[in-house]
Amino acid sequence: MKIVILTGAGVSAESGVPTFRDKGGLWKNFRAEDLATPQAFKRDPKLVWEWYNWRRGIISKAKPNKAHLIIAEMEEKFGVRLITQNVDGLHQKAGSKSVVELHGNIWRVKCTHCNYKDYDYSVPLKEIPPKCPKCGGLLRPDVVWFGEPLPEDAIEEAFYLSENCDIMIVVGTSGVVYPAANLPFIAKYRGARVIEINPKETPISSIADLKIGKTATEGMEEVYHWIERSFK
């Protein structure tokens with residue numbers, strides 16, 4: 001039985017990580033949609049990095065919650081594959097080793113001029129905006145901004161996993177951010193059972209074989225026990 005889990009912001013919200021669309025997602029009267037763009041970075045890289053420095057500070061204090069830990073355990077015990085829209089790295093912190101990051105990682109930086117890419121866990125950042133140690137060019141967060149395509153290798157793997165799974169568990173995602181929102185529909189079309197964990201109704205709810213209207217931590221605990229029985 002091939003199981004794929006797709007996670008969104010609702011998983012990390014229980015760890016205290018604010019989402020783009022929450023009221024708490026505002027910063028200095030700027031909307032995230034106005035800062036997370038290539039145009040904003042070109043116009044004012046210092047402002048954009050100040051926002052990411054603030055976000056990294058919040059995320060650095062967050063700890064993986066029960067949902068993160070259960071997902072990591074399911075990977076180890078049942079070979080579950082994980083696709084995430086989150087950039088906070090909490091899945092890896094919980095112990096997940098094979099994570100398909102659709103939207104990148106806030107702790108990784110990449111150069112705008114050369115091929116330099118690395119992790120930087122400095123909180124706060126030592127320099128704003130940070131410079132590339134290789135060529136001196138401007139570094140940017142290695143995340144997908146509005147208007148940018150998803151990393152080719154990540155989206156290809158995500159589509160492959162969705163097309164070839166028997167069960168897809170969708171946890172804490174709004175189902176409105178594409179192309180990630182397409183993945184459950186692809187899985188369903190290919191014959192997989194879709195399980196949605198979300199206290200709210202989403203576009204994915206209409207195709208879910210099982211809808212668990214609970215938080216990520218409560219829902220994952222319930223699904224874990226069901227999967228565990230299936231593997232016995």
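Modeller: A nonpolar core here is a set of buried Ala, Val, Leu, Ile, Met, Phe, Trp, Tyr and Cys residues joined through side-chain atoms within 4.5 Å. Buried means under 20% relative accessible area. Keep in mind that this is a predicted model.

The largest nonpolar core has 24 residues. Val48, Trp49, Trp51, Tyr52, Ile106 and Trp145 touch the most other members. Helices H2 (32-35), H3 (38-43) and H4 (45-60) each give two or more residues to this core, as do strands S4 (104-111) and S6. H4 supplies the largest share, six residues.

Take Trp145. Leaving out residues up to four places away in sequence, Trp145 touches Ala36, Thr37, Pro38, Phe41, Val48, Tyr52 and Arg140. Another core, of 22 residues, lies apart from the largest one. Ala67, Ile71, Ile169 and Ala216 are among its members.

Now helix H7, residues 152-163. Its twelve residues reach 17 Å from first C-alpha to last, close to the 16 Å expected. Ala154, Ile155, Ala158, Leu161 and Ser162 are buried in H7. Seen down the axis, these buried residues fall within an arc of 130°, so they line one face of the helix. They pack against strands S1 (3-7), S2 (81-84), S3 (99-101) and S7 (167-171), and against helix H8 (183-189). The face turned away from the buried side carries exposed Glu152, Asp153 and Tyr160.

Two peptide bonds deserve a check. Ile128 to Pro129 is cis, with omega near -5°. Pro129 sits in the loop between S5 (117-119) and S6 (139-143). Tyr178 and Pro179 are also joined by a cis bond, with omega about 5°. Pro179 lies in the loop between S7 and H8.

Conventions:
Residues numbered from 1 in each chain as written. Predicted model: local features only at pLDDT ≥ 70, side-chain atom pairs only at ≥ 80, totals over all residues. Heavy atoms only, no water. Helix = DSSP H or I, 4+ residues; strand = E, 2+ residues; numbered from the N terminus. Expected span 1.5 Å × (residues − 1). Buried < 20%, exposed > 50% of the residue type's maximum accessible area, 1.4 Å probe, protein only. Arc of directions from axis to C-beta. Contact = heavy atoms within 4.5 Å.
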